[in-house]
Amino acid sequence: MDGGAAELRETHRLTGHADRAWSLAWNPNPGPGAGPVLASCGGDKTVRIWKRAPDGVWDCSDVLDGVHERTVRSCAWSPDGKLLATASFDGTTAIWEYSGGDFECVATLEGHDNEVKSVSWSQSGSLLATCSRDKAVWIWEVQPGNEHECVAVLQGHTQDVKMVQWHPVLSVLVSVSYDNTIRVWADDGDDDWHCVQTLTEADNGGHSSTVWSVSFNQKGDRMVTCSDDCTLKIWDTSVDLSQPTTGEGHESWRHLSTLSGHHGRTIFSAHWSSEDVIASGAGDDAICLYAEEKSTMVEGPLYRLILKKEKAHDMDVNCVRWCPQDPRVLASASDDGTVKLWELRGNVLE
Amino acid sequence: MELINANPVIHEKRERRIRQAPENIDENAPEAIDQLEIFDHIRDIKDPEHPYSLEDLNVVNEDSVEINDELSHVRVTFTPTVEHCSMATIIGLCLRVKLMRSLPPRYKVDIRLTPGSHATEAAVNKQLSDKERVAAALENSNLLDIVEECLSPTLG
């Protein structure tokens, strides 16, 4: 590779969580003139908000506590950046609003039988999805006055649902599970939600153990999943993304590529950057980066490892997230309780 | 409550050896942890339904412990007293918690059933290796009470 080999350099170490850091979310819309804002959550039952001061120093500006009684497993900002949703092992999802210089819990969504593991906002911000150890995925409609009405309870997974993620363009939701499958859910245009596709090992070249995480590329024609089977899988769809409302072809995801042999233990997180670099974080304490090999298109698309950062953390890496405002900045969260910021340097896409 | 295994076989305890201090002590080197040291951490865990230790019941023995100190990897393989033992998950959880509290955080610990020792071996192994489920279980006060009871130092 010319232009300098790719390098992932640790730039900041954010400490404060008193237990493992489970999950991260960059605010997609921090407001005019504001620098990047990152939320992290973890086993200490808190959420921390991290901001970059004008002098480049990162500080914890807010600690959101006193609402969740157990681990805060994941968090997600609304597309307008004004609300933060947090999913907890206490069975609830909380909605926080920043007003008057403070984060205030403005709603608590109850309904799951036990641990809520993931929460995701639809691209318009009008729907929320949550999933739980109770095997169900719930879809909530965001209504005026911080009211949330459950509009669908999606049954289909036979075990815990680990993560839910809305498609960036389509009205499609993807869920991944301890039952080793990936499910694609779509509404039939009549607000009736159905499972339109189930991706399994036997039928689709899917995963052979728990699927922990899913992430879409920016365009929405590909997604990556990662698993306890120590692989990442790339999926693509032939759905017409210019006609997002027709609901046609939502069941069209097919296996494109499997990335294996890079992580030695469970891969907990995968995230696709707007510059098409995929990051993964795993139980082997490492972070790996991958990109598409464009030069071998005759044989079809192929993804390859760009670099592996061994010992990225002292313990398991639970979450990796690219910064939407700066696609060369990656955040990672670990069992060691720290959140780290990394800068990707050098030539990665040649 | 009816016991899962009303009449467990009690095995003779292994003699406790005094470990030799290694020669050529380098004070800066991290202290290596060996099989026996790990066995010492888990041998006295109390069985969830009997007043015996896991060693007494031969649920674990020294050979249950595999260690690669260089890779900071520990694997403990345990054998429930009966093959449909519903306590297998609790025993596995006790082993995990005890090692989590005893070993430096750099260790990766895997807890597994002895192959062929349990009717739902794959399901129990999968549950014990899912750290999210383990974390959630340990936030459940009823389960945590059972684990703490098994780990309380009343035997040995």
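## Aromatic rings and the interface

Trp166(A) counts as buried because its relative accessibility is 3%, where buried means under 20% relative accessible area, exposed over 50% and partly exposed in between, for a 1.4 Å probe and protein chains only. The model is predicted, so local features need pLDDT of at least 70 and side-chain atom pairs count only at pLDDT 80 or more, while totals for chains, interfaces and linings use all residues. Side-chain values use heavy atoms, with hydrogens and water left out, residues are numbered from 1 along each chain as its sequence is written, and chains are lettered from A and ligands numbered from 1 in the order in which they are written.

Over all chains the structure holds 8 aromatic pairs, a pair being rings of Phe, Tyr or Trp (its six-membered ring) with centres within 6.5 Å, called stacked for planes under 30 degrees apart, edge-to-face over 60 and tilted for the rest. One of them joins Trp166(A) and Trp193(A) edge-to-face, at 5.5 Å centre to centre and 80° between the planes. Because Trp166(A) lies in strand S14 (residues 161-166) of chain A and Trp193(A) in strand S17 (residues 193-199) of chain A, this pair ties together parts that are 27 residues apart in sequence; strands here are DSSP runs of E with at least two residues, helices are runs of H or I with at least four, and both are numbered from the N terminus. Trp193(A), at 11% relative accessibility, counts as buried.

Trp212(A) and Phe268(A) also form an edge-to-face pair, with 4.9 Å between centres and 80° between the planes, and both residues are buried. The charged end of Lys162(A) sits over the ring of Trp212(A), 4.2 Å from its centre, the criterion being NZ of Lys or CZ of Arg within 6 Å of the ring centre and within 35 degrees of the ring normal.

A charge over a ring also links the two chains, with Lys126(B) lying over the face of Tyr178(A) at 4.6 Å from the ring centre. In the interface, 17 residues of chain B are in contact (heavy atoms within 4.5 Å) with 26 residues of chain A. Between chain B and chain A the count is 11 salt bridges, each a side-chain nitrogen of Lys or Arg within 4 Å of a carboxyl oxygen of Asp or Glu. Among them is the bridge from Lys108(B) to Asp316(A), whose closest N and O atoms are 2.5 Å apart.
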